[in-house]
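Please read it beside the coordinates.

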Amino acid sequence: NMCRLGVASMHSEHQWTKRKDRYPVIVDAVVHRLDGSKIPATLTDFSDDGCCIKADNDFRIGERLRIAIPRMGHVRAQVRWALPDSAGAKFVVETDF
């Protein structure tokens, strides 16, 4: 499962740092792209910083998204890694968008 890889640590600025705790959830959501298209998706492996997006769609590294999550509203995110059926997204604040 690609979304689970690298959970323990990641390389950042020439040193290994622990990632935030991740929660193994499965949440249905809708991803809104900047071009106005909407993609049904499943979100997994939540942390305070981001999540894994599973969808039948290709995302681009660096792409900015708005994710509609039931009972949470909309969050903004940026794609950090991407594969044909999934992507890792980092949550960003409005001023970063």
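1. Overall fold. This is a predicted model, and the remarks that follow should be read with that in mind. The protein chain has 8 strands and 0 helices, so that, as DSSP runs numbered from the N terminus, its elements follow the pattern β-β-β-β-β-β-β-β along the sequence.

2. Burial, surface and contact range. The protein chain has 97 residues, of which 33% count as buried. Its accessible surface comes to about 6,400 Å², and carbon and sulfur atoms account for 51% of that area. Among contacts between residues at least 6 apart in sequence, 40% join residues at least 24 apart.

3. The largest nonpolar core. In soluble globular proteins, nonpolar side chains tend to be buried together. Here the largest nonpolar core holds 18 residues, and the members that touch the most others are Val-31, Leu-43, Ile-53, Phe-59, Leu-65, Ile-67 and Ile-69. At least two residues of this core come from each of strands E3 (23-33), E4 (38-46), E5 (50-54), E6 (64-69), E7 (73-83) and E8 (86-92), and the largest share, 4 residues, is supplied by E4.

4. One member of the core in detail. Which residues does Ile-69 touch, not counting those up to four places away in sequence? The list consists of Val-27, Ala-29, Leu-43, Phe-46 and Val-75; Leu-43 is itself among the core members that touch the most others.

5. Cysteines. A search of the whole structure finds 0 disulfides.

6. Salt bridges. The count comes to 2 salt bridges. In one of them the side chains of Arg-33 and Glu-63 meet at 2.6 Å, N to O, and this pair links distant parts of the chain, since Arg-33 belongs to strand E3 whereas Glu-63, 30 residues apart from it, sits in the loop between E5 and E6. In the other, the side chains of Arg-60 and Glu-63 meet at 3.8 Å, N to O.

7. A residue of strand E7. Ala-82 is placed in strand E7 and is partly exposed, with a relative accessible area of 27%. Leaving aside neighbours within four places in sequence, Ala-82 is in contact with Phe-59, Ile-61 and Ala-87, and Phe-59 is one of the core members that touch the most others. Ala-82 also lies 7.4 Å from Asp-58, C-alpha to C-alpha, although the two are 24 residues apart in sequence.

Conventions. Residues numbered from 1 in each chain as written. Predicted model: local features only at pLDDT ≥ 70, side-chain atom pairs only at ≥ 80, totals over all residues. Heavy atoms only, no water. Core = buried A, V, L, I, M, F, W, Y, C linked by side-chain atoms within 4.5 Å. Buried < 20%, exposed > 50% of the residue type's maximum accessible area, 1.4 Å probe, protein only. Contact = heavy atoms within 4.5 Å. Disulfide = S-S within 2.5 Å. Areas by Shrake-Rupley, 256 points an atom, 1.4 Å probe, with all protein chains shown as cover. Salt bridge = Lys/Arg side-chain N within 4 Å of Asp/Glu carboxyl O.
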